[in-house]
Structure formats: structure tokens, C-alpha cells
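Subject: Structure for you to look at

Hello,

Please find the structure below. My notes on what was found in it follow.

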Amino acid sequence: MPEFQFVYPTPTEMLEHHRLHPDLKVFRPAHLQHRALIGITQIADGSVGTVLCGEEVVCYATLHPPDHYQRFGEATVSGMLELGAVESAPEHRSQRLARRLLEVMLPEESFQQNIIIATLYHWHYDLENTGLSTYAYRRLLEKLYSRVGFEVMKTDDPEISSYPGNALMVRMGREVPEELCLEFERLRFLRQTRGLDLSQH
Ligand SMILES: CC(C)(COP(=O)(O)OP(=O)(O)OC[C@H]1O[C@@H](n2cnc3c(N)ncnc32)[C@H](O)[C@@H]1OP(=O)(O)O)[C@@H](O)C(=O)NCCC(=O)NCCS
């Protein structure tokens, strides 16, 4: 039975000295994802959780401010974070690595002043390796994320609302400043705020 070490936050140098398992390639080839993870450890409010097996990273998850190309990245109030990629190498899946890593990264008392979003996009789902349908996969992720305090929330973001296989999940801290809550609500229903609610026509 291999020995796994759960590390959060993973220091930049530690990540530089551990290669990524070559099959961690759902989002991009492993060597490029390795570079991207190192980059996340170097930005403000960015952090990476890893599961190490010997010299290799076999599972990881990222936390960072929402990317600028998506609507929550437009936030003008600080405190919003995104649980970005979560990935386990296929040969180590279904051993609770992802679940245990998220529990290490997001204990109940942590991030109480933050709103953390997670966007579930079906084009990222690894249906081939799991043999699951899109909806079964969405349910798997909902369950995985809900264990660490996330819940599904509605949004009018067409990237999410136009595909039933996609979802927005949110972990709302207990001490989130009101200003951040209002900004989050504004972004969640941006089309309505901008008078673009096409369902009215
Ligand atoms: C989703 C993913 C991260 C899960 O990793 P993992 O290490 O296998 O997950 P765990 O072993 O911790 O399992 C988490 C839960 O999912 C369930 N699960 C995992 N694989 C499953 C499968 N193939 N079929 C059914 N359920 C499954 C587990 O039973 C567990 O549920 P439980 O806590 O109720 O027992 C992994 O499949 C993966 O890397 N997928 C590709 C990338 C991806 O889709 N990332 C998520 C979006 S960013």
C-alpha cells in the first residue's frame, strides 16, 4: 500500500522538487500543469494542496482569486476565492485522496471571511476514465464539494445556466462582510443587474 502525504499549503520549493504524475493531464499536459501550480503558489491569495507519493504529486487542488476572464473575477471587493482544479491520477482514484485533501485544505473553521466559488463545467469531466454519465459525474462532484461546505447556487451566467451538466457551488464563510455579500449577489445575477434578463422577452 503506497504511503500518501497530504500537504497544504504546498510551498513553492516543495512543488518544484516533486514532479506531477504524468497522467495528471485532464486540464493540460502534466508538465504544463506543474508549471501552472507553481505559479499559483506565487500569487497573492493563491495556494495549492497536494498529495505526495514518494517524489511524485498524485493529486492536487488549487485555491486562488477567480480568474479575470470569468464574471466572478470582476469582483471589486476583495475576499472572493475559487476552488479551481481538483485532480487525482487515474491509478490512485477512489481511495479518498481528493476527499481527504479537500478536508485538509478547508477545515470548517477556515476561510470564514471568504466566499469560495467552484464552477463545475461538464467539458472538464473525465467521463472516459470514470465511465460515468455527465449527470452522475456532476452528482459525484456536488457530493465531494458539499462535504467541505459548498452548496449549489443559481446564477444567470450563461456558461453555467445553459448546460444542466454545469453548476455553481459556493462556500459562504460565517463572517463574510456585507459589502462582499452584495458584490457576490450582483455578480451572480449580472444579466438582471444590467437589464439583460432575456427570459422577460
Ligand atoms: C473527481 C476526482 C478529482 C475525484 O478524485 P478521487 O481521488 O478519485 O476522489 P475520492 O476517492 O476522494 O472520491 C470522492 C467521492 O467520489 C466518489 N467516486 C470517485 N470516483 C468515482 C467513480 N468512478 N464512480 C462513482 N463514484 C466515484 C467516491 O466514492 C467518493 O464518494 P464518498 O466520499 O461518498 O465515498 C477525479 O475523478 C479526477 O481527477 N477527475 C478528473 C478531474 C475532475 O473532474 N476534477 C473535478 C473538476 S475541477
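In which loop is Arg-96 found? Arg-96 sits in the loop between strand S5 and helix H3. Helices (H or I, at least four residues) and strands (E, at least two) are DSSP runs, numbered from the N terminus.

Two points on reading the rest. Residues are numbered from 1 along each chain as its sequence is written. This is a predicted model, in which local features need pLDDT of at least 70 and side-chain atom pairs count only at pLDDT 80 or more, while totals for chains, interfaces and linings use all residues.

Overall form

The secondary structure of the protein consists of eight helices and eight strands. The C-alpha trace spans about 55 × 35 × 30 Å along its principal axes. The protein has a radius of gyration of 17 Å, which agrees with the value near 17 Å for a compact globule with 201 residues. That radius is taken over C-alpha atoms, and the globule rule is 2.2 Å times the number of residues to the power 0.38.

Of the 201 residues, 30% are buried. A residue is called buried if 20 or more other C-beta atoms lie within 10 Å of its own, exposed if 12 or fewer, and partly exposed in between, with C-beta atoms placed from the backbone. Among contacts between residues at least 6 apart in sequence, 66% join residues at least 24 apart. Two residues are in contact if their C-beta atoms, placed from the backbone, lie within 7 Å.

The core

The largest nonpolar core has 41 residues, and those that touch the most other members are Cys-59, Ala-61, Leu-101, Leu-102, Ile-117, Ala-118 and Met-169. Such a core is a set of buried Ala, Val, Leu, Ile, Met, Phe, Trp, Tyr and Cys residues joined through C-beta atoms within 7 Å. The elements that each supply at least two residues of this core include helix H2 (30-41), strand S3 (47-53), strand S4 (56-64) and strand S8 (167-172). S4 gives the most, with six residues. Not counting residues up to four places away in sequence, Ile-117 touches Pro-66, Phe-72, Met-80, Glu-82, Leu-168 and Val-170.

In H3, the buried residues are Leu-97, Ala-98, Leu-101, Leu-102 and Met-105. They are on the same side of H3 because they cover an arc of only 125° around the axis. The arc is that of the directions from the helix axis to the C-beta atoms. Strand S1 (5-7), S3, S4, S5 and H5 are among what covers these buried residues of H3.

Helix H7 (residues 178-188) has Glu-183, Phe-184 and Leu-187 as its buried residues. These cover an arc of only 100° around the axis, so they are on the same side of H7. The face turned away from that buried side carries the exposed residues Glu-178, Leu-182 and Glu-185.

The ligand

Around the ligand there are 22 residues, the closest being Ser-88, Arg-93, Ala-98, Arg-99 and Asp-126. A residue is near a molecule if its C-beta atom, placed from the backbone, lies within 6 Å of it. Strand S5 (80-88), helix H3 (97-105) and helix H5 (134-146) are the elements that give two or more residues to this shell. By class, the shell has eleven nonpolar, five polar and six charged residues. Here Ala, Val, Leu, Ile, Met, Phe, Trp, Tyr, Cys and Pro count as nonpolar, Asp, Glu, Lys and Arg as charged, and the others, Gly among them, as polar.

Backbone details

Most residues other than glycine have a negative phi, and most peptide bonds are trans. Arg-96 has a positive phi of about 65° although it is not a glycine, and Arg-96 is exposed, with 12 other C-beta atoms within 10 Å. Phe-111, in the loop between H3 and S6, has a positive phi of about 50°. Phe-111 is buried, with 21 other C-beta atoms within 10 Å.

A cis peptide bond joins Tyr-8 and Pro-9, with omega about -10°. Pro-9 lies in the loop between S1 and helix H1 (12-16). The C-alpha atoms of Pro-9 and Gly-49 are separated by 5.5 Å, though the two are 40 residues apart along the chain. Gly-49 belongs to strand S3 and is buried, with 24 other C-beta atoms within 10 Å.

Regards
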